[in-house]
Amino acid sequence: SFQYLTVSKATVTDLLHFHPLGRWPSRSVMNLGELVSALNGFASLSLAESWDNVGLLVEPSPPHAVSTLLLTNDLTEEVMEEAVQKKADLILSYHPPIFTPLKRVTWRTWKERLVVRALEHRIGIYSPHTAYDAIPHGVNNWLTKGLGACTSVPLHPSAAPSYPGEGTHRVEFCAENTEHLETLLSKIKDIQEISSVTTLPVRVEGEEQTRVSLNCSQKALLEVVALLSKNSFLYHKTEILLLQKPLLPHTGMGRLCTLSEPVSLLAIIERIKSHLKLPHIRLAVGMGKTLESPVKKAALCAGSGSSVLKGVEADLYLTGEMSHHAVLDAVANGISVILCEHSNTERGFLSELRDTLAIHLQNKINIIVSEKDRDPLQVA
């Protein structure tokens, strides 16, 4: 006898979108390019530090559909194996596994093997790193929640990356309408790193003149000023403006937190251990302070905080790691220091990121957090 199976329209659609590698999508899929664009929209890569290596680091040959995204703080070989077993199509690794340029891709070093394994199994690798440090809904903001109720501002605010579009200075001057002006403008336009040269007819003290405005770099500014000084009879007044990019609200590196109510250093320690799910932290008590000393202001930086926290006035520094001498400096200035190991101040953000990204991506793909990712250091 024969049995008939009724197939719904939705099931047929799933069949038509059967993944070429032989796995059934738990949800829909996103094209890799579409997903990378959405991730860049979630946190602009322009906010990352200039020394960082962020964005799409490993790309399988197109077309590449993504059904499962694996989140990890560090992409180790153990995490890569987990990604293979869980059939991930893209790994979002907070720390970039490729930082120092690779001269070859062989089986010799563990980072080379990550690239080989990723390409063999058609897994892309994307890293946001310090872009996630800077954004208002990023790693540092998550870390502030370990302090309790507080308000926070970035220690090093980020400037708007796209304004002004070109140039660091604007030069404006008025000149009489003569042939010499046309010659001068032609010479100015020949200078490298000059942009947005505009002219506008104006009336100055009853005379028809031309107002010239241009944007230029610091280097080009020297050439423009030298050129104008040779043609001083052409212009009456020159203005040089420094073009400063506006600061982005709640965006930047590190955070300076003001607690709603002062609490003891001991209470802060317990809050942080609870937030980071750690049995132990490392503590240096500031000169003249005790475990009962009140903490009102805390400066923090996820990961390695020496450079970001340096010189900041606060009752407490909270970070993953600091150099020995940076800790000594802080303690001598009466600032207590809590160190939790580098990635322990970052990894817990991934659970929050999973939920936030699910909303941002409209639940189009399956997002999972690595179970193998862990800080390499432990207390023995």
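**Close-ups of a predicted chain**

**View 1. Strand β12 beside β14.** Six bridges tie β12 to strand β14 (residues 294-304), and the two run antiparallel. Strands here are DSSP runs of E with at least two residues, helices are runs of H or I with at least four residues, and both are numbered from the N terminus. Two strands pair if DSSP finds at least two bridges between them. Look for Val263, which stands opposite Val295 in β14. This is a predicted model, where local features need pLDDT of at least 70, side-chain atom pairs count only at pLDDT 80 or more, and totals for chains, interfaces and linings use all residues. Residues are numbered from 1 along each chain as its sequence is written, and side-chain values use heavy atoms, with hydrogens and water left out.

**View 2. Strand β12 beside β7.** Strand β7 (residues 150-159) runs antiparallel to strand β12 (residues 247-264), with eight bridges joining them.

**View 3. Stepping back to the whole chain.** Count it up and you get twelve helices and 17 strands. The radius of gyration (over C-alpha atoms) is 28 Å, well over the 21 Å from the globule rule (2.2 Å times the number of residues to the power 0.38) for 380 residues, so the chain is more spread out than a compact globule. Its C-alpha atoms fill a box of roughly 100 × 75 × 45 Å along the principal axes.

**View 4. Contacts along the chain.** Of the contacts (heavy atoms within 4.5 Å) with a separation of 6 or more, 73% link residues 24 or more positions apart.
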